[in-house]
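Colleague: I would like to go through this model with you, part by part. Can we put it on the screen?

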Amino acid sequence: MAAAAPTQRSNAKVAFMAAGFALAMLGLGFASAPLYRLFCQVTGFGGTTMRATESDAALAERLAASAGAGTISVRFDASQDRGLPWRFRPAQSTQQVAIGQRQMAFYTARNNSDRAITGRATYNVEPEQAAPWFNKIQCFCFTEQTLQPGEEVRMPVLYYIDPKAKDDPLMADVEQVTLSYTFHQAKDAP
Amino acid sequence: MATTADTFQAHQEHGRAHHDADHKPGFFARWFMSTNHKDIGTLYLIFAITAGIVGGAISGIMRAELAAPGIQYLGWWVQLMGGEANFDANLHMWNVLITAHGLIMVFFMVMPAMIGGFGNWFVPLMIGAPDMAFPRMNNISFWLTVAGFTSLMLSTFVPGGTGQGAGIGWTAYAPLSTSGSTGPAVDFAIFSLHLAGAGSILGAINFITTIFNMRAPGMTLHKMPLFVWSMLVTAFLLLLALPVLAAAITMLITDRNFGTTFFDAGGGGDPILYQHLFWFFGHPEVYIMILPGFGMVSQIVATFSRKPVFGYLGMAYAMVAIGVVGFVVWAHHMYTVGLDVNTKMYFTAATMVIAVPTGVKIFSWIATMWGGSIEFKSPMVWAIGMIFLFTVGGVTGVYLANGGIDDVVHDTYFVVAHFHYVLSMGAVFSLFAAFYYWFPKMSGRMHSELLSHLHFWVFFVGVNLIFFPMHFLGLQGMPRRYPDYTPAYTEFNHLATVGYMIMAASMAIFFVNVLYALLAGKKAPDNPWGPGATTLEWTLSSPPPYHQFETLPVIEDNKAAHDREHGRPSHA
């Protein structure tokens, strides 16, 4: 190409295109907050467990029954934010569960302070490749929990392991899955 | 590359004095309302040197503290800043120092010097343009950067939680930067990044438009000098990375002040998200700091080897490749946050891929020197020093790229040694190389070769003595960001502090050299570096006229130049 005259493309056009790129990246930066949550929920990235309905669970149970799935050990872990005056523990340390079977586990939480506190639990499983197959039907982590001064509650988790986990090569040597919760003092979300 | 002064036939600017070319406005209008790319470049360089003195002095405070185990001087600094010295306040002072050192060196020293300083000065000259595309926007970019620096300096005088100032590290990770630091200091520091970032984005738009639209006739993209290529890639990295930082730190501001919970698990947010956003910006940022240096070293090595650079297209597209791949490796800064094995595997492999285009550049510089008529003038020794020391930092970079190894040395002094080898040696050596290369052109005065060489050798010994022992400290487990350490680490830390003193002495030589050149230096010819210096800036006077290239130079292509040479054999 010979001698592109500087007037062929206007400076303003190039500048506005460049500014458009910058604005698009700015928008993507802000959009990353909801996108990141969505990405983790869909893929189980970072050990984000799945949510299932009763009918999903029934389907999984039939599938497991026909395929003859084995058992797996689930370990329970609990911790709380340093500033939260709660005592939060699992009621059992492990459960040996049949894959595909619905299981109920309990955690207990006690508010040791003299004021009512609302908490919100974050959760994940380890190893992280188990997350796409770890389904919760009911969980205290789905909603915020408010404990009155000195109140102690038992909180259930209803879960099952998807029988399709048996076909996942990444799950081949996984014998135990740890389900972990951390309670934080809830902030009024925007 | 046919962009040579030999084939530049348009006209000699100073030979045909244009009566407007040297009309300069008065002092205030010239330096405070400047729209001239050379004046703005000079302002940026003066600003960067000033900020470098502040940032360098802060590292001196840190090295003094680290010379021996225990807390020696931090309490004194706390009291100087009007606080009450106690254990927490002393440690907070340390956090303030590392934060200020990092932010100043990255945003207010290296970037303004490379992009605002040398970029503004030489991109228009090298492509044969009269000025930048948007001269007024150029002025805004500079003063936004100054305002950003002012905001950062102000942050040290207001409360930041545990004490005065923002003690959040240059990464400003949540929750330390949100619920962990009350008080306005962190807001000032974040606002400083907003201002500097906005200035850099405007500057990037300016460079992209200038390079795309204002090249002289015949200067195709594939004939641009490599420094201009490096600035083009850098401008794109700035344009795509800085807005993400702006978004992330805006979310920090709203989390701090307006009750949002983007990075707070208690409200459904995730602090790890901040790290992803920060490093999505932060990794391209480290290439923003070194790519212009690659461009400078390419010009200098070619000049002083009297050869065109080896593998011009490979050199240009290696920078493009580094820029592109630089956007998909960010999580290697966060191997220890709990990434799963597959993610670590990907980021390890992708990070190592960057060694390929970087290797292309290193080997091409060596191939350029190979068989060349090498002159060890001051810019060349700094450029060769940069090639050697940047490679050392590159090797430890490949080592750190491994997710498994990083688990062991993450946040230790090994990492500190690595990034100082690529930045305070890679980037800073290329800055000094460029300074000595272009100082005669910018000022019209020759610096002292003797003092420049002396500066080089003393600086070389000093920085290596500071940072090489840090490899050992890191491998032995000394963590970053602490003012105290177990006595087992004393010897190497003491050695590093001695190295700092040697480095500081070399900076005195530098300033003496600059003063000597300005007060008593020989007048610089148009081209002080001989026939190896072939880019357009050497066809102009030293210093160049206030306005240049009012008649655009015409760059002939290779074939035309070849035909002309052979059509008129007497010409040679």
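What follows is a short exchange on domains, the interface and strand pairing in this predicted model.

Colleague: How far apart do the C-alpha centres of the two domains of chain A lie?

Modeller: Start with the bounds. Domain 1 of chain A covers 1-43, and domain 2 covers 47-185. Their C-alpha centres are separated by 41 Å.

Colleague: What area do chain A and chain B bury between them?

Modeller: Take the contacts first. On chain A, 34 residues touch 42 residues of chain B. Carbon and sulfur atoms carry 66% of the buried area, and the total is about 2,900 Å².

Colleague: Which three residues supply more of the area that chain A buries against chain B than any other three?

Modeller: Look at the buried area on the chain A side, where three residues supply 20%. They are Asn11(A), Met25(A) and Tyr36(A).

Colleague: Which residues form the salt bridge across the interface?

Modeller: The rule finds one salt bridge between chain A and chain B. The cut-off is 4 Å from a side-chain nitrogen of Lys or Arg to a carboxyl oxygen of Asp or Glu. Here the closest N and O atoms are 2.4 Å apart, and the pair is Lys187(A) and Asp264(B).

Colleague: Which element gives the largest share of the side of chain A that touches chain B?

Modeller: Three elements of chain A each supply at least two residues: α1 (11-43), β6 (117-126) and β10 (176-185). The largest share is 16 residues, and its source is α1(A).

Colleague: Which strands stand at the edges of the five-stranded open sheet?

Modeller: The order is β1-β7-β9-β5-β3 in chain A, with mixed pairing. An edge strand has a single partner, so one side of it is left without a neighbour in the sheet. That describes β1 (50-51) and β3 (86-90) of chain A.

Colleague: Which residue stands opposite Arg87(A)?

Modeller: β3(A) runs antiparallel to β5 (residues 103-111) of chain A, joined by five bridges. The residue facing Arg87(A) in β5(A) is Arg110(A).

Colleague: In β10(A), what stands opposite Ser73(A)?

Modeller: β2 (residues 71-80) of chain A pairs with β4 (residues 94-98) in the antiparallel sense, over five bridges. There, Ser73(A) has Gln96(A) as its bridge partner. β2(A) also runs parallel to β10(A), with eight bridges. In β10(A), the residue opposite Ser73(A) is Gln176(A).

Key. Residues numbered from 1 in each chain as written. Chains lettered and ligands numbered in written order. Predicted model: local features only at pLDDT ≥ 70, side-chain atom pairs only at ≥ 80, totals over all residues. Heavy atoms only, no water. Domains from an automatic or database assignment. Contact = heavy atoms within 4.5 Å. Buried area = accessible area lost by both parts, 1.4 Å probe. Helix = DSSP H or I, 4+ residues; strand = E, 2+ residues; numbered from the N terminus. Pairing = 2+ DSSP bridges.
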